[in-house]
Amino acid sequence: MTAAIHVTSFEPAAGKTVVVLGLVDHLAATAGRVGYLRPVRPIPDDDRAALVRSRLSPASGEDPAAADDVIELTGAAELADLVGEGRTGELVARALEAFHDLAARCDVVVVDGPDHTGVVGTGDFELDEMLIGDLGNPVLAVVKGHDRRPSAIADAVALTHERLEEIGATHLGTVVNRVDAEHMDEVRAGVAASAVPVGVVPEDQLLAAPTAAEVFRAIGGTMVDTGRDHGEVDDERPVTGIRVGAMSMPNLIERLTEGTLVLIPADRTAVVLATLVADVTPEMPSVAGIVLTGGIPLDERVHALVRGVRSQVPVWAVEEDTFVTATAVADVTSTIRPHQTRKVQRALDLVEEHLDLDEVTGRLATTRVERVTPRMFERRLVERAAGDIKRIVLPEGKDERILRATEILRARGVAQIVLLGPPAEVRDRASELGVDLGDTPILDPISDERLERYAARYQQLRAHKGISLDQARDRMTDVSYFGTMMVHEGEADGMVSGAAHTTAHTIRPAFEFIRTRPGVDVVSSVFLMSLTDRVLVYGDCAVIPNPTADELADIAIASAGTAATFGIEPRVAMLSYSTGASGSGSDVERVREAVGLARERAPELPLD
């Protein structure tokens with residue numbers, strides 16, 4: 001029998017998206033193929049189904065199987081019509097059919113109950129109770145903690161438990177979401193006596209705050225040409241507060257904070273310019289955006305100065321006055337969309353840190369699958385890394401993907417990261433992106449105290465090539481050489497590069513002075529290929545373009561060792577254009593010879 005879990009809340013705005021996202025991700029990593037059923041899509045649509053779909057097919061983005069495993073049935077408007085006509089049972093019948101369709105092909109199904117937005121009065125409450133009763137699935141309840149005192153939260157939890165008991169539901173556990181950080185301990189104490197597990201998740205500023213793009217989409221208006229790269233407005237940068245720039249320039253500058261959205265009447269040109277200049281000043285906080293209110297166009301001379309500042313802050317112009325605009329901005333609510341990788345990762349981290357989902361899902365009759373899916377593979381890697389923290393140097397310190405990865409790795413606590421590059425430039429770029437680097441070390445090879453020691457060491461290692469100390473010093477100012485020397489000298493456990501550098505630039509230093517492991521004659525590479533339902537290792541796709549039979553044998557054995565290191569049982573297929581012994585030709589003979597050599601060198605290895 002397929003296991004299933006019904007996520008419900010008996011109140012609006014409980015923050016179910018974070019809970020559903022974390023639950024689906026956890027089940028995909030532990031229980032195999034996950035189906036998702038949402039009987040009612042809210043108004044406005046919150047993209048939760050698309051978000052779930054993106055987590056179920058992370059490698060390909062839109063995997064057809066994952067698309068079929070995510071089902072939404074009815075919009076809230078149609079539900080209102082069905083309720084008004086006394087036909088709610090039709091939707092329950094549809095839900096039953098869709099559920100059994102998912103159960104036939106999935107290892108576990110998550111049913112996401114209605115969000116109780118009030119569009120259909122009490123109809124969605126009645127529907128949710130009917131679904132819980134008719135589907136018969138155990139329930140995980142979500143209770144709103146936002147803007148509630150600890151005593152009120154304890155009362156809401158008790159009422160939720162009483163209601164589930166009244167309708168005869170099997171109650172797996174409860175999640176209290178968005179609790180004020182200062183009340184966490186008091187809330188935990190208040191629900192400690194509950195008969196089922198109760199997890200408590202704190203409010204998080206990144207998740208609670210809308211992004212600059214969300215604000216600008218909500219208020220309308222047009223973007224002002226500031227000379228910046230006019231792509232999309234950043235949909236990752238949170239708007240952490242609003243500041244009205246109707247005061248004098250010195251007073252406003254004093255009050256700017258990181259992530260502030262500044263609303264400025266368009267005729268206050270000095271304040272506009274001062275805010276942009278503050279943004280490009282390293283000592284000042286980076287604002288999320290500027291909104292020019294009142295529909296007054298910028299004077300052309302001022303506009304020229306604005307473009308000259310070259311700030312990366314988006315500037316928006318609206319027709320409404322400042323008060324109306326401030327009210328509209330304050331009404332914008334935060335969402336989590338599939339492309340918002342920072343928010344998605346923060347939500348997953350919060351659930352991982354504060355909820356014991358193993359305790360909840362362990363009460364389900366889930367069948368553990370034997371295959372290793374990409375989500376299981378990733379989870380195992382993260383768990384292993386967290387249990388044996390390593391120091392990893394990332395030489396491409398100004399690259400956006402590297403900076404965002406650093407923030408994620410810090411949050412998940414799986415590695416100690418060292419970034420290379422000019423510290424001020426790296427931190428400025430992180431600030432532009434709204435990335436929190438915390439206390440991550442940033443080393444500049446040109447000025448770092450290790451430079452002379454590394455140069456002397458490199459000269460010693462390359463003496464047979466006639467390298468002078470000046471040449472060695474010049475090489476060590478290159479981030480790839482500096483990072484590789486950190487590994488060689490035991491001051492880093494590993495280096496990851498290639499986001500901005502070529503393969504050759506990345507591995508050349510290792511060729512020069514790290515060399516191969518004893519017993520290995522050839523350097524080779526592998527790709528870890530995350531398919532829909534498994535992870536495969538492919539080698540060599542990057543280093544040796546036309547290997548000999550002897551090199552192929554070494555590559556096969558080395559690739560098998562890499563697979564085993566990553567927890568993948570190695571069974572090696574040596575590929576040519578011909579299957580087995582059916583064809584002939586130099587390429588086929590070369591692979592056939594390599595198979596024989598590999599079998600001699602590693603007779604225990606399953607290989608064909």
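This is a predicted model: local features need pLDDT of at least 70, side-chain atom pairs count only at pLDDT 80 or more; totals for chains, interfaces and linings use all residues.
Close-up 1. R342 and E407 form a salt bridge in which the closest N and O atoms are 2.7 Å apart. The pair links distant parts of the chain, with R342 in helix α15 (residues 341-354) and E407 in helix α18 (residues 400-412), 65 residues apart. R342 is buried, with a relative accessible area of 7%, and E407, at 8% relative accessibility, counts as buried as well.

Close-up 2. E589 has its place in helix α25 (residues 586-601), and its side chain makes a polar contact of 2.8 Å with the side chain of R592. The pair also counts as a salt bridge, with the closest N and O atoms 2.8 Å apart. R592 and E589 both lie in helix α25 and are 3 residues apart, about one turn of the helix. Both ends are partly exposed: E589 has 39% relative accessibility, and R592 has a relative accessible area of 33%. S576 can be located from E589, as the two are 13 residues apart in sequence and their C-alpha atoms are 9.2 Å apart in space.

**Close-up 3. A network of salt bridges.** The structure holds 43 salt bridges. K16, R38, R48, E72, D112 and D115 are linked in a network of such pairs.

**Close-up 4. A stacked pair of aromatic rings, F216 and W316.** A search of the whole structure finds 5 aromatic pairs. One of them joins F216 and W316, whose rings have their centres 4.6 Å apart and their planes at 10 degrees, so the pair is stacked. The two residues come from distant parts of the chain, F216 from helix α10 and W316 from strand β12 (residues 315-317), 100 residues apart. Both F216 and W316 are buried.

Close-up 5. The rings of Y458 and F513 have their centres 5.7 Å apart and their planes at 85 degrees, so the pair is edge-to-face. Distant parts of the chain are linked here, with Y458 in helix α20 (residues 451-461) and F513 in helix α23 (residues 503-513), 55 residues apart. Y458 is buried, and F513 is buried too. Together with Y481, Y458 and F513 form one aromatic cluster.

**Close-up 6. An arginine over a phenylalanine ring.** The charged end of R163 sits over the ring of F10, 4.8 Å from the centre of that ring.

Close-up 7. F527, M529, L531, L536 and Y538 make a nonpolar surface patch of about 410 Å², to which β17 (527-530) and β18 (535-538) each supply at least two residues. The peptide bond from G539 to D540 is cis, with omega near 0 degrees, and D540 lies in the loop between β18 and α24 (549-565).

**Close-up 8. Two loop residues with positive phi.** Phi of A13 is near 55 degrees, a positive value in a residue other than glycine; A13 is found in the loop between β1 (3-8) and α1 (16-30) and, at 56% relative accessibility, counts as exposed. R515, which is not a glycine either, has a positive phi of about 70 degrees. R515 is found in the loop between α23 and β17 and counts as exposed at 57% relative accessibility.

Methods:
Residues are numbered from 1 along each chain as its sequence is written. Side-chain values use heavy atoms; hydrogens and water are left out. Helices (H or I, at least four residues) and strands (E, at least two) are DSSP runs, numbered from the N terminus. Buried means under 20% relative accessible area, exposed over 50%, partly exposed in between (1.4 Å probe, protein chains only). A polar contact is a pair of N or O atoms within 3.5 Å; within protein, one must be able to donate a hydrogen and the other to accept it, and residues adjacent in sequence count only if both atoms are side-chain atoms. A salt bridge is a side-chain nitrogen of Lys or Arg within 4 Å of a carboxyl oxygen of Asp or Glu. Rings of Phe, Tyr and Trp (its six-membered ring) pair if their centres lie within 6.5 Å; planes under 30 degrees apart count as stacked, over 60 as edge-to-face and the rest as tilted. A charge sits over a ring if NZ of Lys or CZ of Arg is within 6 Å of the ring centre and within 35 degrees of the ring normal. Patches are made of residues with over 30% relative accessible area and no salt bridge: like charges are joined within 9 Å, nonpolar side chains (Val, Leu, Ile, Met, Phe, Trp, Tyr) within 5 Å. Accessible areas come from the Shrake-Rupley method with a 1.4 Å probe; for residues, only the protein chains shown count as cover.
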